[in-house]
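Subject: Structure for your review

Dear colleague,

Please find the structure below, together with its sequence. My notes on what was found follow it.

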Amino acid sequence: MTEEHEVVVVGAGLAGLVCAREIAGAGRDVLVLEASDGVGGRIRTDRVDGFLVDRGFQVLNTGYPALTDNLDLDALDLCRLDDAVDVRRGGTMHTVTNPLAQPAGLPGLVSTDLLPLGQKLRLGAYVAQCAALPVPRLLARDDVPAREAWRQAGLTTRTLDVVLKPFFAGLALEPELKTSRRFVDLMIRMFARGRSTVPARGMQAMPEQVAAALPADAVRLSCKVDAADATGVRTPGGRINARAVVVATDHWTAHELVPDLGPVRGAGGVTTWWHRTPVWEGQRGRLVTDADGSPVANTVVMSAAAPSYAPPGAGLVATSVIHRRGQKLPDDRRVRELATQLHGQPDEGWELVARHDVPRALPLMMPPHDFRRPVRVGTVFVCGDHRDTSSIQGTLVSGRRTAAAVLTRLR
């Protein structure tokens with residue numbers, strides 16, 4: 001017999017789960033089909049020998065406006081990373097503080113020789129402007145590559161290469177800084193206003209929380225969808241009919257199911273190495289970046305920010321390298337060597353816990369970027385970060401937008 005539901009959502013990532021929760025909350029029958037063995041999509045956390053290791057380095061910024069309407073932040077027990085960033089330049093570590101989060105660190109930021117005073121003032125003015133301007137004003141700016149926008153603001157190549165590139169390349173997974181300046185301006189606003197955190201139980205705690213709000217048996221795991229249309233989906237186990245179908249997969253899988261989506265966008269990829277380490281004195285959950293040209297985008301002692309990520313008496317360091325076209329990734333030994341240098345520690349006792357290769361971590365956002373792509377494409381609905389912005393904020397907003405459109409259609 002053919003199975004029947006009011007709505008079928010393909011994909012149990014954060015966007016699909018939020019969409020399904022909104023639809024179920026309106027009293028509608030919804031079924032979520034997920035090809036993998038767990039919810040979360042690209043937001044997954046593995047447990048390995050007592051450690052929590054997210055699949056790729058990820059953080060939750062509390063400045064995202066959509067968080068409070070979609071997640072119970074108190075229940076997530078958020079653990080906060082340090083507000084400062086350490087930058088290696090010329091073999092020396094320099095600390096760059098967020099003066100909005102740490103006003104006491106402003107004198108140190110001004111006195112560091114990482115940048116000339118004039119560039120510090122220009123950079124500070126640009127960040128303050130992004131933090132203060134209303135979002136509509138930021139979105140009304142000419143959408144050019146971020147690097148071009150920063151140069152127009154009077155920031156030099158040194159400022160870009162020493163401060164902005166090491167940080168934002170790891171955020172957008174795009175080392176040439178060609179990403180939409182509108183998106184980067186929004187991210188500057190979020191990082192100035194919010195704090196970088198992780199849930200105590202790992203990043204997957206977010207989609208798990210949303211999934212827990214769905215009716216029993218509303219999520220079906222290990223169920224791949226081969227085709228989708230206006231009246232249902234086809235799976236290896238048979239057809240499932242529906243009044244509305246939502247494709248909530250990642251950007252590239254969505255194109256396989258919905259060819260009308262148009263051109264396929266490029267992908268930002270990242271590989272993250274997780275090392276068990278000794279616990280050293282002064283260990284901090286502070287992001288460390290490298291402006292000396294190594295392949296490392298960033299490294300951080302996650303267990304110092306979130307002790308639940310490691311068993312008692314052990315440290316856990318995450319080190320990430322962005323995928324670059326035509327360049328081979330460094331081997332495990334080289335990454336451990338670079339990580340120990342950046343943290344100023346000997347490599348005794350460092351053991352590889354896990355390595356995650358995520359070649360399609362984010363859809364790239366080249367300018368001009370459309371921040372509100374249609375939720376109805378052909379005969380089906382589509383949601384995900386590729387319909388808004390490549391961020392948790394964009395994922396949450398897309399899920400809610402799509403649910404509203406589906407409910408309107410059902411009515």
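In these notes, contact means heavy atoms within 4.5 Å. Helices (H or I, at least four residues) and strands (E, at least two) are DSSP runs, numbered from the N terminus. Buried means under 20% relative accessible area, exposed over 50%, and partly exposed in between, with a 1.4 Å probe and protein chains only.

This is a predicted model, in which local features need pLDDT of at least 70 and side-chain atom pairs count only at pLDDT 80 or more, whereas totals for chains, interfaces and linings use all residues. Residues are numbered from 1 along each chain as its sequence is written, and side-chain values use heavy atoms, with hydrogens and water left out.

Helix α9 and its surroundings

Helix α9 has 13 residues and spans 18 Å from its first C-alpha to its last, close to the 18 Å expected at 1.5 Å a residue. The expected span of a helix is 1.5 Å times one less than its number of residues. Because 12 of the 13 residues of α9 are buried, the helix is largely enclosed by the rest of the structure.

Two packed helices are described by the angle between their axes and the distance between the axes. Axes are lines fitted to C-alpha atoms, for helices over the stretch in contact, and angles run from 0 to 180 degrees between N-to-C directions. Helix α8 (residues 157-172) and helix α9 (residues 181-193) pack at about 105 degrees, with their axes 12 Å apart. The two are therefore roughly perpendicular; angles under 35 degrees count as roughly parallel, over 145 as roughly antiparallel, 65 to 115 as roughly perpendicular and the rest as oblique. From α8, F167, F168 and L171 meet V184, M187, I188 and F191 of α9. By class, this contact of α8 with α9 has seven nonpolar, no polar and no charged residues. Here Ala, Val, Leu, Ile, Met, Phe, Trp, Tyr, Cys and Pro count as nonpolar, Asp, Glu, Lys and Arg as charged, and the others, Gly among them, as polar.

The loop between α8 and α9 holds L177. L177 has a positive phi of about 60 degrees although it is not a glycine, and at 4% relative accessibility it counts as buried.

Helices α1 and α10

Helix α1 (residues 14-25) and helix α10 (residues 205-212) pack at an angle of about 20 degrees, with their axes 9 Å apart. That angle makes α1 roughly parallel to α10. The residues that meet are L14, L17, V18 and R21 in α1 and M206, P207, V210 and A211 in α10. By class, the contact of α1 with α10 has seven nonpolar, no polar and one charged residues.

Helix α13 (residues 332-343) has 12 residues and reaches 17 Å from its first C-alpha to its last, close to the 16 Å expected at 1.5 Å a residue. In α13, V335, L338, A339, T340, L342 and H343 are buried. Their cover includes β7 (85-89), β8 (92-96), β14 (267-277), β15 (287-290), β16 (296-301) and β17 (315-322). G344, with a positive phi near 65 degrees, follows α13.

S294 lies in the loop between β15 and β16 and, at 14% relative accessibility, counts as buried. S294 and V335 are 41 residues apart in sequence and 9.7 Å apart in space, C-alpha to C-alpha. Not counting residues up to four places away in sequence, S294 touches R88 and L338.

Further backbone points

Most residues other than glycine have a negative phi, and most peptide bonds are trans. S222, in the loop between β10 (219-220) and β11 (227-229), has a positive phi near 55 degrees. At 57% relative accessibility, S222 counts as exposed. A cis peptide bond joins P367 and P368, with omega about -5 degrees. P368 lies in the loop between β18 (351-363) and β19 (376-377).

Yours sincerely
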